[in-house]
Each structure stands twice: as structure tokens, then as C-alpha cells.
Amino acid sequence: MTTIDPHEPAADQPPTARGRPAAEPLLPAASTGTRATRVLGIATILAMAWLVAFGLGFSPADRDQRESVRILYVHVPTIWIAYLAFVVTAVSSALYLLGRQRSLGWDRLAGASAEIGVVFVAVTLAVGAMWGRLTWGVFWQWDARLTTTALLFVTYVGYLAVRRLGGSHQQRARRSAVLGLIAVVEIPLVHFSVKLWRSLHQQPTVFDTDGDVDMDGLMLFSLLVGVVAFSLLYVWLVMHRTRAMAMEDLLEDRGLDAALAARRAEAAPAGRDA
Amino acid sequence: MSPWRIARLVAAKDLRIERRSRVVTSQVLPFAGITMVIFAFALDANQRILEQVAPGLVWLATMFSLLVLVQRSFAVETADGALDAMRVAGVDARAIYLGKAIGLGVQLLVLEVLLLAAAVILYGETIRVEGLVLLVTTLISATCGLAAVGTLYGGLAAGFKGRETLLPLLTLPAVAPVLIGATRAVEAALGTAGAVVSDGWPWVGLLIVFAVAFGVGGSLAFGPLIDE
Amino acid sequence: MSPGTPPAAPVVALVDVVAVLGAFPALAGASLRVEPGEILLLRGANGAGKTTLLRLCAGLVPVARGSGAVLGFDLATQRAEIRPLVGLLGHQNGLYADLTVGENVRFWGATVGASDEEIRAAMERLDVADRLADVPVRTLSAGQRRRTALAALVARRARLWLLDEPHAGLDAVGRDELDATLRQAAASGATIVIASHELERAGSLATRVADVVAGQVREGRP
């Protein structure tokens with residue numbers, strides 16, 4: 001089974017022309033799965049099972065929030081992983097722009113990571129809404145963290161929209177890389193302004209509205225299990241997604257080859273009349 | 001040709017076009033005014049509430065008008081392929097960015113002043129003397145930030161179909177800090193809900209940081225983003 | 001050229017260039033060589049790729065495959081250096097409709113630092129000075145707009161002129177004037193590439209002809 005290396009230089013890289021082998025099948029590989037992803041996948045399932053065991057079973061209920069605190073074991077890791085995903089996007093965007101080669105692998109990594117990051121943020125917001133409803137009876141609060149998360153979500157949805165604007169792979173890559181770096185400038189600005197803003201409105205409540213629950217021992221451990229499990233999930237998803245993107249790009253290139261051949265065939269019988 | 005001179009040329013060109021065509025004065029400013037009026041409809045013309053939220057409404061109207069202004073600014077360029085022509089001419093992209101941002105900023109500033117006047121008239125706000133310096137500083141620093149973001153994303157969206165919907169999606173989350181900071185600063189300047197003038201200065205600091213960050217980032221990013 | 005002089009570098013040298021618009025290969029392997037001082041006519045049906053070829057030479061469209069150089073600068077890595085030296089007149093004129101002819105030409109000239117005399121001279125050569133100088137472009141005819149755009153090209157001192165259907169929309173007088181301007185430009189050292197359907201007229205103007213068929217270029221006989 002052939003594997004796709006996300007860092008393989010894609011067919012449309014400048015400046016040299018690439019010789020194309022004579023007859024290639026239109027679909028590259030059978031799947032994006034490899035030994036590595038299989039191992040990772042199994043590890044992820046095991047970690048998730050571990051999380052379920054500890055999160056739902058072994059860890060104690062919270063003094064104040066009782067069973068609903070267990071949602072935190074999902075809610076907190078997802079937002080941490082989302083931040084990680086966006087940092088990866090920013091770093092690979094920078095690596096794409098700085099590299100002599102302008103390897104498209106970095107661009108695909110940036111895009112895949114952003115997609116998964118957006119999904120994780122959406123999960124965070126949804127789960128957080130559930131938790132808020134259970135704990136305080138409200139789906140949403142305008143605290144600093146939630147507000148920043150919501151803005152983060154929309155910002156990267158915008159990034160994904162720009163990725164779909166079209167053009168050649170290199171054009172998409174350059175545009176997205178620049179935007180990825182701009183998004184990273186936006187995030188601290190948003191974070192600080194929202195934090196400053198909400199600090200003016202500190203509500204005195206029994207529960208810390210920022211969602212930090214006093215955790216100790218087993219609860220903290222369960223949280224860490226959650227982080228591990230979701231990190232594995234993230235890596236597994238990113239690997240599959242980057243490979244799928246590489247295949248999509250390859251497909252487009254093959255499509256281009258086919259289109260080129262068709263266009264050249266147009267010209268051949270057209271003759272030499274001046 | 002230094003980039004500064006070219007930026008001045010571009011800004012002067014944009015303002016001259018506006019002076020001739022009067023699109024902003026005859027369409028965008030009335031649009032902004034109308035939003036201030038319909039805000040009152042939505043809030044049931046409750047005088048107490050309007051007075052309290054007036055600073056927020058001013059900046060809200062500014063945000064929406066920003067989108068329209070940016071669209072207009074780049075519609076002028078794409079109508080006859082002028083932006084392409086500038087790229088072909090090898091005009092320094094940073095200079096184009098700066099020039100268009102300045103042109104946009106000037107128009108934005110005029111708009112904001114008029115919106116403040118509308119708030120005074122329609123919502124019963126009063127401008128107190130001790131808050132005047134804060135008010136002016138807020139207007140200028142917020143405008144710089146808004147112009148920087150608007151020009152950057154306007155340039156990106158200008159070349160593509162679906163630009164009208166892409167621009168708000170990119171711009172509004174990015175200018176959220178300006179909305180937050182400028183509103184708080186204006187509240188402090190006007191004394192809304194008992195705010196004191198000194199409360200506003202930290203927010204001006206935030207606005208300045210924002211303007212610098214996007215001004216620098218934008219001038220670097222503009223070139224790659226408008227290029228094919 | 002005397003036998004002792006080394007051959008001048010080509011103004012345009014493309015080798016099997018592929019350029020894409022989205023997923024479509026607008027240029028599917030174009031090879032072209034343009035020598036200095038030539039007036040080259042590109043013939044071809046609509047959709048053959050003439051416009052993309054011109055835009056590529058102007059440095060606007062990236063090279064997807066193949067290689068090329070314009071005025072000695074590599075198209076893959078040095079597009080920014082190519083652009084100031086090249087003038088492209090596409091289907092659009094690149095003018096600001098609300099400004100006058102004079103303001104437009106002055107703006108474009110000023111972006112390359114042209115002096116007032118050069119700008120004035122450019123406008124006079126294209127006969128858009130005097131009468132038309134203070135007229136808003138919005139009110140001009142297609143031919144007059146073309147001339148204004150060409151004046152901007154002259155004011156920018158472009159060494160390579162890339163003209164896409166320059167005769168379109170001009171009346172007979174306008175076309176004669178355009179031809180005269182182009183001959184004059186070639187005489188003063190500019191190299192001109194014209195994509196046109198006006199085979200007779202452009203044919204008499206051109207020193208050489210090339211056919212663009214389905215995204216490829218081949219030399220043809222006039």
C-alpha cells in the first residue's frame with residue numbers, strides 16, 4: 001500500500017518543470033491509513049477508554065457541582081488542543097513562508113490543523129454550553145474565556161473560508177500562510193481586550209465563572225488523561241487530514257495533467273493554417 | 001519614488017475621487033445616520049437606555065459603515081482594473097496599502113464625528129470639556145486601527161467573487177478589540193454611567209497597540225495578499 | 001546589426017510555460033521568443049490563451065510549469081522586478097472614471113517618478129492634452145479612454161508594451177493614430193506585443209506573427 005508523504009514536493013512547484021511518467025493511474029493511494037496511524041488510532045481508543053473509566057467512574061463527584069463536573073474532562077482538553085492546533089497552524093504558516101522550497105506540506109499541515117482546531121473549538125463551545133446549563137442554568141456567559149473562544153472560532157472560520165478561495169496550490173498556500181500569521185496577531189489582541197473588559201465586571205459568585213474548579217488528586221489526573229486522549233486524537237486526525245489533502249492536491253494535479261493533455265490535443269488537429 | 005510619496009499620491013487620489021463622485025457623502029453617511037435612527041426603533045426610544053448605550057451604538061454604526069467604506073474604496077480600484085494596473089506598474093504594495101488606509105481613515109474620521117453629533121442630537125448625549133482630549137485621542141487611534149484592518153482585508157477580498165460576504169466575516173472578529181476599547185473610552189470621555197475620564201486612557205493604550213500591530217502587519221501582508 | 005555585435009538578449013523568452021486559471025490550463029505549453037524592437041502580433045481565437053500569455057509576461061500570472069524570463073528577469077522568482085518595466089493594456093484601461101484625463105496620466109506617471117514635462121509629452125503624443133486634459137474619464141468614448149491609458153503607458157516609460165486588443169472600440173481615425181503611436185514607440189526602443197483579431201491592420205504593423213492555439217504558441221507566417 002503506497003503512502004503519501006505530506007512533505008513530498010507537489011507537482012506544481014516552481015520553477016523547474018517536472019517530467020511526468022508515461023501512464024499513471026488517476027487515483028494515487030488506496031487510503032490515508034498507514035501503520036503509524038493504525039498504531040496511533042489504537043492508542044487513541046485506549047486513551048479514550050481510560051478517560052471514560054476515570055472521568056465517569058473513578059474520579060469523585062465535585063463537592064459543589066456533583067456529577068456535572070465530569071463534563072470538564074472533555075471541555076477543558078478540547079480548548080487546550082484547539083489552541084495547540086492554532087499554534088501549529090501559525091508555526092507551519094511561518095515555516096511555509098520562510099522555506100526556500102515553499103514546500104506545500106507545511107501549507108497542508110496549517111490547513112488541516114486549523115480545520116481540526118475549529119472543530120475542537122465548536123465542541124468546546126457546545127460542551128461548555130451544556131455544562132453551563134447544568135451548573136448555573138445558563139447556556140452562555142460573557143466571561144473573558146468564553147467570549148475569546150467565540151471570537152477565536154469566527155476568526156478561524158474566516159481563515160478556512162479564505163483557504164477555499166481557489167487558485168493554484170501555491171497561491172492558496174501563500175494567501176493562507178499570511179492570513180494564518182495575521183490571525184496569530186489577532187488572538188492576543190482579542191484576548192487582552194476581552195480580559196480587560198470583563199475584569200471590570202467581576203461578578204461575585206460562589207462559582208468562579210471562568211470555569212476553574214478546585215481540582216485535586218484524582219480529578220486532576222482525570223483531566224490530564226483527558227488531555228492525553230484528545231492530543232492523540234488530534235494527531236491522528238491531523239495525519240489523516242493532511243494526507244487526504246495531499247491526495248486532493250495530487251488529484252487536482254492529475255486533473256491538470258489530463259486537462260493539459262486535452263488542451264494540447266485540441267491544438268494538434270487544428271492545423272497549420274496561418 | 002519613496003513609498004511615503006506614493007502613499008500620499010494614492011491617498012490624495014482616493015480623496016479626490018470622493019470629492020468628485022461624492023459617493024460617501026451622499027450614500028454612506030446617510031446610511032450611518034439611518035442606522036443610528038433604527039437603533040432607537042429597536043430600543044423603543046427609551047431615553048435612559050439610549051443615553052447609556054450611545055457610545056456603543058456610535059461604534060456599532062461605525063463598524064457597519066467601515067464595511068461599506070472599504071467595499072467602496074476597492075470598488076474604485078477594481079472597476080477598471082486599476083489595482084491590477086498598479087501591480088503591473090510595480091508600485092510598492094506597502095505604499096498602496098498605506099495610501100488607501102490613509103484615504104479610508106480620513107473618510108472614517110469624518111463619519112465618526114458625524115455619528116457622535118448624531119448621538120448628541122438623537123440620544124441626548126452631552127460632550128463634556130474634561131473628556132474632550134480623551135475623546136479626540138480615542139477617535140484618532142480607533143480610526144487608525146480600523147483603517148488598517150479594513151484596507152488589509154478589503155484588498156484580499158477585492159479580487160474574488162463572494163467578496164461582499166468574505167469582508168465582514170474577516171473584518172468583524174478582527175476589529176472586536178477596537179469595538180470594546182473605543183466604546184469604553186468614549187463612555188469614560190462622556191461620563192456615561194458614571195465613568196470617569198481617567199478610566200478611558202488604558203483603553204486608548206490598547207487602541208494604539210492595535211493600530212500599530214495591524215499597521216505594521218498589514219503593510220507586510222498586503223502585498224502577498226493582493227498578488228496572484 | 002553589424003556582424004561584430006553580439007546578439008541582444010531577448011525581451012521575452014518562454015520555454016514550454018504552463019499557466020493555470022483555477023484548474024484550467026489557460027496556457028498549455030507556450031514557447032515564445034521576442035527580440036528587442038519587434039512588434040509581434042499574437043493571433044488566436046477567443047479562449048486560446050492570448051490574454052493569459054500577456055498577463056504572464058507582465059508578471060501578473062504565475063508560471064505553473066516550464067520556465068521563462070522577461071527583460072532578463074526570471075518569471076518564477078523575479079516578477080516584482082519585471083513589473084515596473086512592462087506596460088500592460090488589457091481589456092480594462094486601469095483608469096479612474098471620476099478623475100480627469102490629466103489627473104489619471106499624472107497619477108500613473110508620478111508613481112514611477114516621471115517629470116511633468118514627460119507626462120505632458122506623453123499626453124500630447126496621444127493627443128489627450130489640451131482639449132481632453134480636464135475632462136473626466138467617465139465621459140470619454142472608448143477610443144479616448146484607450147488613448148488615455150496609452151498615455152499612461154508612455155508616461156511610465158515601459159520597455160515592453162503588452163497590448164490586448166488595442167484596436168477594439170476605436171474608430172478608423174483612432175486606429176490610425178494608435179498605429180502611428182505604436183510605430184513611434186517601437187522606433188524609440190520599446191518592444192511591442194499585440195494580441196489582436198484585427199489581422200489586416202495589426203498585420204501591417206507587425207514585424208512578426210505568432211499563433212496562439214489552445215494555450216500553445218507557435219510561430220506563423222504573416
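1. A word on conventions. This is a predicted model, in which local features need pLDDT of at least 70 and side-chain atom pairs count only at pLDDT 80 or more, while totals for chains, interfaces and linings use all residues. Residues are numbered from 1 along each chain as its sequence is written, chains are lettered from A and ligands numbered from 1 in the order in which they are written, and side-chain values use heavy atoms, with hydrogens and water left out.

2. Chain B against chain A. Here 25 residues of chain B are in contact with 24 residues of chain A (contact means heavy atoms within 4.5 Å). The two chains bury about 2,200 Å² between them, with 82% of that on carbon and sulfur atoms; buried area is the accessible area, taken with a 1.4 Å probe, that two parts lose on being put together, summed over both.

3. What chain B brings to chain A. Polar contacts between these chains number 2 residue pairs, both residues at pLDDT 80 or more (a pair of N or O atoms within 3.5 Å; within protein, one must be able to donate a hydrogen and the other to accept it, and residues adjacent in sequence count only if both atoms are side-chain atoms). Helix H6 (132–158), helix H7 (163–190) and H8 of chain B each give at least two residues to this side, and the largest share, 10 residues, comes from H8(B). By class, the side has 21 nonpolar, 1 polar and 3 charged residues. Ala, Val, Leu, Ile, Met, Phe, Trp, Tyr, Cys and Pro count as nonpolar, Asp, Glu, Lys and Arg as charged, and the others, Gly among them, as polar.

4. The helix pair. Helix H5 (residues 169–199) of chain A packs against helix H8 (residues 201–226) of chain B at an angle of about 175 degrees, with the axes 10 Å apart. H5(A) and H8(B) are therefore roughly antiparallel, a label for angles over 145 degrees. Residues making the contact include Ile182(A) and Leu189(A) of H5(A), and Phe210(B) and Phe214(B) of H8(B). The contact residues divide into 15 nonpolar, 2 polar and 3 charged.

5. Chain C against chain B. This interface joins 26 residues of chain C to 27 residues of chain B and buries about 2,200 Å², 59% of it on carbon and sulfur atoms. In chain C, Arg83(C), Tyr96(C) and Asp98(C) lose the most area to chain B, together 25% of what that side buries. The count of residue pairs in polar contact is 12, both at pLDDT 80 or more. Strand E6 (86–89) and helix H3 (101–111) of chain C each give two or more residues to the side that touches chain B, and H3(C) has the largest share, 5 residues.

6. Salt bridges. The structure holds 27 salt bridges over all chains (a side-chain nitrogen of Lys or Arg within 4 Å of a carboxyl oxygen of Asp or Glu). Between chain C and chain B there are 5, and Glu103(C) pairs with Arg16(B) at 4.0 Å, N to O. Between chain B and chain A the count is 1; Arg174(A) and Asp227(B) meet in a salt bridge at 3.5 Å, N to O.

7. One within chain A. Asp249(A) forms a salt bridge with Arg108(A), the closest N and O atoms being 2.7 Å apart. Asp249(A) lies in helix H6 (residues 217–267) and Arg108(A) in helix H3 (residues 104–136) of chain A, so the pair ties together parts that are 141 residues apart in sequence.

Methods. Axes are lines fitted to C-alpha atoms, for helices over the stretch in contact, and angles run from 0 to 180 degrees between N-to-C directions. Helices (H or I, at least four residues) and strands (E, at least two) are DSSP runs, numbered from the N terminus. Angles under 35 degrees count as roughly parallel, over 145 as roughly antiparallel, 65 to 115 as roughly perpendicular and the rest as oblique.
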